[in-house]
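Biologist: I would like to go through this structure with you. Please back each label with its value and its cut-off.

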Amino acid sequence: CAGGASPATIQFLIDEHPVAASIQDNEGKAPIHHLCQSFVLNYQDASIMSQDTSLMSTSVTDSMLSIVDMLKTAAPHSFNLEDNDEMNAVEYALLSESDIKVVKIIQRACRDDWRERKKETDASHDALQDDLQRIQMDLRSQHLSSSSPRSSFTKRIGESTGVPITGQLGAKTQ
């Protein structure tokens, strides 16, 4: 998400490995954080980069809205997660000057997640916050325990895209 990947690429990744949509990296950022923090800066319209005139131009806002919708379906709890800097997706969207439509849909996703949690447990706000922190710790421990050096997932991604992939899912690579 941070690299400005197209919605089709993000959908492919989610289809291949759905849990990846909620895994936090070493900085505590889930894909929704990366989308909101960096997508606007890194987005490249595919029609600009290609000689194929059949590609239609897609705005950065439309692409972000599409990816937010995908992440909302795949990882609704990730919208309320805070990273190591205690920042959530809405805060990153505001700082990166994302379109107000994107900010509002992320706010609604956060609200919907809180309402769903409240409905499921009828717990207090503090108890819901504690539950969210537990989920966050569980996701981080899942990330840290996935130590397969080259999973079939990363192999398939590299083969299908033609881009060599090194490292592990969620790990930073240079």
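Predicted model: local features only at pLDDT ≥ 70, side-chain atom pairs only at ≥ 80, totals over all residues.

Biologist: What makes up the secondary structure of the chain?

Modeller: The chain has 8 helices and 0 strands. Along the sequence the pattern reads α-α-α-α-α-α-α-α. Helices (H or I, at least four residues) and strands (E, at least two) are DSSP runs, numbered from the N terminus.

Biologist: How much of the chain counts as buried?

Modeller: Of the 174 residues, 36% count as buried. Buried means under 20% relative accessible area, exposed means over 50%, and partly exposed lies in between (1.4 Å probe, protein chains only). The chain exposes about 10200 Å², and carbon and sulfur atoms supply 53% of that. Those areas come from the Shrake-Rupley method with a 1.4 Å probe; for residues, only the protein chains shown count as cover.

Biologist: Among contacts between residues at least 6 apart in sequence, what share joins residues at least 24 apart?

Modeller: That share is 67%. Contact means heavy atoms within 4.5 Å.

Biologist: Why are helix 1 and helix 4 called roughly parallel?

Modeller: Their axes come within 9 Å and cross at roughly 10°. Axes are lines fitted to C-alpha atoms, for helices over the stretch in contact, and angles run from 0 to 180 degrees between N-to-C directions. Angles under 35 degrees count as roughly parallel, over 145 as roughly antiparallel, 65 to 115 as roughly perpendicular and the rest as oblique. So helix 1 is roughly parallel to helix 4. Helix 1 contributes Pro7, Ile10, Gln11 and Ile14 to the contact, and helix 4 contributes Ser63, Ser66, Ile67, Met70, Leu71 and Ala74. By class, that contact has 7 nonpolar, 3 polar and no charged residues. Ala, Val, Leu, Ile, Met, Phe, Trp, Tyr, Cys and Pro count as nonpolar, Asp, Glu, Lys and Arg as charged, and the others, Gly among them, as polar.

Biologist: What makes helix 2 roughly antiparallel to helix 4?

Modeller: Their axes cross at roughly 175° and come within 11 Å. That angle makes helix 2 roughly antiparallel to helix 4. On helix 2 the contact residues are Pro31, Ile32, Leu35, Cys36, Phe39 and Val40; on helix 4 they are Val60, Ser63, Met64, Ile67, Val68 and Leu71. They divide into 11 nonpolar, 1 polar and no charged.

Biologist: How do you know whether Leu35 is buried or exposed?

Modeller: Its relative accessibility is 0%, so Leu35 counts as buried. Leu35 and Val68 are 33 residues apart in sequence and 8.3 Å apart in space, C-alpha to C-alpha.

Biologist: How are helix 4 and helix 6 oriented, parallel or antiparallel?

Modeller: Their axes cross at roughly 10° and come within 9 Å. They are therefore roughly parallel to each other. Thr61, Met64, Leu65, Val68 and Lys72 of helix 4 meet Lys101, Val102, Ile105, Ile106, Ala109 and Asp112 of helix 6. This contact has 7 nonpolar, 1 polar and 3 charged residues.

Biologist: Why is Asp112 with Lys72 called a salt bridge?

Modeller: A salt bridge is a side-chain nitrogen of Lys or Arg within 4 Å of a carboxyl oxygen of Asp or Glu. For Asp112 and Lys72 the closest N and O atoms are 3.5 Å apart, so the pair is a salt bridge. Asp112 lies in helix 6 (residues 100-121) and Lys72 in helix 4, so the pair ties together parts that are 40 residues apart in sequence. Asp112 is partly exposed at 29%, and Lys72 is partly exposed at 29%.

Biologist: How many salt bridges does that rule give?

Modeller: The count comes to 6. One of them joins Lys29 and Asp83, with the closest N and O atoms 3.5 Å apart. Lys29 sits in the loop between helix 1 (7-16) and helix 2 (31-42), and Asp83 in the loop between helix 4 (60-74) and helix 5 (89-95), 54 residues apart.

Biologist: Are Lys29 and Asp83 buried or exposed?

Modeller: Lys29 has 5% relative accessibility, so Lys29 counts as buried. Asp83 has 4%, so Asp83 counts as buried. Glu27, Lys29 and Asp83 are linked in a network of salt bridges.

Terms used. Residues numbered from 1 in each chain as written. Heavy atoms only, no water.
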